Amino acid sequence: MGIATINPATGETVKTFTALTDAEIEKALAVADQAFKDYRRTSFEQRSQWMQNAANLLEENAETYAKIMTLEMGKPITAAIAEAKKSASVCRFYAENAAQFLADVPVSSDASNSFVSYQPLGAILAVMPWNFPFWQVFRFAAPALMAGNVGLLKHASNVPQCALAIAEIFQNAGFPEGVFQTLLVGSNKVAQIITDDRVKAGTLTGSEPAGASLASLAGQNIKKTVLELGGSDPFIVLETADLNAAVAAAVTARMLNNGQSCIAAKRFILMSSIADEFESRMAEKFAALKIGDPMLPDTEVGPLATPDILTELDDQVQRCVELGAKVLTGGQPLERPGNFYPPTILTQIPEGAPAYSEEFFGPVALIFRVNSLDEAITLANSTIFGLGASAWTTNQAEQKRLIREVEAGAVFINGLVKSDPRLPFGGIKRSGYGRELSSQGIHEFVNIKSVWIK
């Protein structure tokens with residue numbers, strides 16, 4: 001796949017880009033390596049000022065950046081504006097807290113003085129996805145740069161203008177040359193970059209195969225990685241749930257980013273006693289959602305990012321139907337230009353259908369019925385993924401069991417799963433490893449050095 005801006009709402013190729021040559025990649029690596037030698041010695045106060053400047057630029061130009069996001073990957077413009085502002089928030093969070101998170105920690109030992117010190121590693125390669133083209137990058141870059149590292153961004157090939165805009169933000173914020181670089185390269189160049197001795201670690205948000213490939217290459221070269229991969233998050237609704245709140249959250253949680261989010265609720269596990277009412281309300285709300293031009297502020301569901309995503313999603317739906325699943329609403333691609341798939345609900349899904357084992361990356365809700373909390377937890381955990389989970393109940397005993405027993409990197413009770421700079425973010429099982437955000441996120445890419453002085 002070439003590096004290009006292709007409007008997913010129309011299919012029009014807006015702009016194409018030439019990938020960096022090997023010589024240009026070599027130059028970028030040399031620049032990053034040299035930049036780190038000086039940048040690592042800058043103070044937290046100086047880094048914080050630059051990072052606050054980046055936040056200001058994101059907020060002041062949120063609508064401009066939002067239009068680039070919407071043009072390249074199709075998210076509704078209101079969501080894109082919110083993404084730009086959320087990216088500013090993570091910059092401010094680390095600008096304000098990095099010094100505290102990375103302060104020396106005194107330790108009592110047999111030395112006159114001993115402590116743990118946190119020091120940067122060097123150049124970090126970030127392989128980032130198209131679905132949150134600003135947020136995913138800034139939640140890596142803000143902690144990495146505040147820790148004294150330098151960043152190399154290999155962004156998805158369908159969001160090159162986003163990638164270039166992000167590099168420009170850091171440049172205009174005052175960060176020294178080479179501290180953050182966008183590399184317009186295809187995935188075929190990732191091996192060359194991650195195995196270079198000047199690159200000290202890698203992070204990837206994306207598919208399982210991409211994560212496995214990066215981790216394998218890094219492992220062969222004894223380099224650390226953080227992976228945030230797929231998810232098939234359960235949304236569990238028990239008898240004592242506030243159905244009005246649960247249904248409203250369910251629609252938001254499934255339609256987030258046109259359904260293209262790793263932490264979107266995908267499997268709706270309903271107690272049988274409330275399932276009919278929940279399904280009816282959810283179908284009514286799905287059918288009422290406004291589908292259309294993502295540049296219009298009243299659009300609620302835009303196109304999928306690429307034709308391939310549309311084809312794969314429809315194939316998954318049709319395979320489920322062929323095995324006996326019922327379509328409550330939606331279920332076929334829309335006959336219009338662009339990659340539009342309607343909000344869809346599948347029920348009566350038989351065991352062995354793709355809905356039990358695959359991630360559905362689009363606006364398709366998969367509904368399952370259970371008769372007990374035990375069944376709900378078992379079904380929630382019967383997946384290769386373990387990113388997030390949402391559960392709805394006012395019963396405290398049920399809440400405690402769900403928190404303890406659901407296998408996921410995050411469990412939200414009576415709320416939809418979301419990322420927040422103050423909380424660690426990441427998964428288990430095939431959803432990846434390591435954590436982003438919070439104090440844990442900034443500790444992923446530092447040397448945790450023990451110091452002992454007699």
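This is a predicted model: local features need pLDDT of at least 70, side-chain atom pairs count only at pLDDT 80 or more; totals for chains, interfaces and linings use all residues.
**Note on pockets, cavities and helix packing**

1. Helix α11 supplies the largest share of the lining of the largest pocket, namely six residues.

2. How much space lies in the largest pocket? The volume is about 1300 Å³. The lining of this pocket consists of 46 residues. Nearest the centre of the pocket lie W130, A156, G206, S207 and I309. Several elements give two or more residues to the lining: β1 (3-6), α7 (190-194), β8 (199-205), α8 (208-220) and α11 (307-322). Sorted by class, the lining of the largest pocket comprises 22 nonpolar, 17 polar and seven charged residues.

3. The largest cavity holds about 110 Å³ of space. It is lined by 14 residues, and those closest to its centre are R139, F140, P143, G441 and F445.

4. Which element gives the most to the lining of the largest cavity? Helix α5 does, with four residues. By class, seven residues of the lining of the largest cavity are nonpolar, three are polar and four are charged.

5. The second largest cavity contains about 50 Å³ of space. Its lining is made up of S232, D233, P234, R267, A380, T383, F385, G386, L387, G388, E407 and A408. Of the residues in the lining of the second largest cavity, five are nonpolar, four polar and three charged.

6. The remaining points concern helix packing. Two packed helices are described by the angle between their axes and the distance between the axes. Helix α12 (residues 373-381) packs against helix α13 (residues 396-405) at an angle of about 25°, and their axes are 11 Å apart. Angles under 35 degrees count as roughly parallel, and α12 and α13 are therefore roughly parallel to each other. The crossing of α12 past α13 is right-handed.

7. Which residues of α12 and α13 meet? From α12 the residues are L373, D374, I377 and N381, and from α13 they are E398, R401, L402 and E405. In terms of class, this contact of α12 with α13 has three nonpolar, one polar and four charged residues.

8. Helix α2 (residues 44-60) and helix α6 (residues 160-173) form another pair. Their axes come within 8 Å and cross at roughly 125°. The helices α2 and α6 are therefore oblique to each other. Seen as a crossing, α2 passes α6 in the right-handed sense.

9. The contact of α2 with α6 can be read residue by residue. On the α2 side stand W50, M51, N53, A54, L57 and L58, which meet I169, F170, N172 and A173 of α6. By class, eight residues of this contact are nonpolar and two are polar, with no charged residues.

10. Are helices α9 and α10 parallel or oblique to each other? The axes of α9 (residues 243-255) and α10 (residues 272-288) come within 10 Å and cross at roughly 50°. That angle makes α9 oblique to α10. As a crossing, α9 passes α10 in a right-handed manner.

11. The contact between α9 and α10 involves L243, N244, A246, V247, A250, V251, R254 and M255 of α9. From α10 it draws on I274, E277, F278, R281, M282, K285 and F286. Its residues fall into 10 nonpolar, one polar and four charged.

Technical notes. Residues are numbered from 1 along each chain as its sequence is written. Side-chain values use heavy atoms; hydrogens and water are left out. Axes are lines fitted to C-alpha atoms, for helices over the stretch in contact, and angles run from 0 to 180 degrees between N-to-C directions. Angles under 35 degrees count as roughly parallel, over 145 as roughly antiparallel, 65 to 115 as roughly perpendicular and the rest as oblique. A crossing is left-handed if the near helix is turned anticlockwise from the far one by less than a right angle, and right-handed if clockwise. Contact means heavy atoms within 4.5 Å. Ala, Val, Leu, Ile, Met, Phe, Trp, Tyr, Cys and Pro count as nonpolar, Asp, Glu, Lys and Arg as charged, and the others, Gly among them, as polar. On a 1 Å grid over the protein atoms alone, a cavity is a set of points where a 1.4 Å probe fits but cannot get out, and a pocket is an open set with protein on both sides within 12 Å along at least five of seven lines; lining residues have an atom within 4 Å of a point. Grid points are joined across faces, edges and corners, and a volume is the space filled by probe spheres set on the points.
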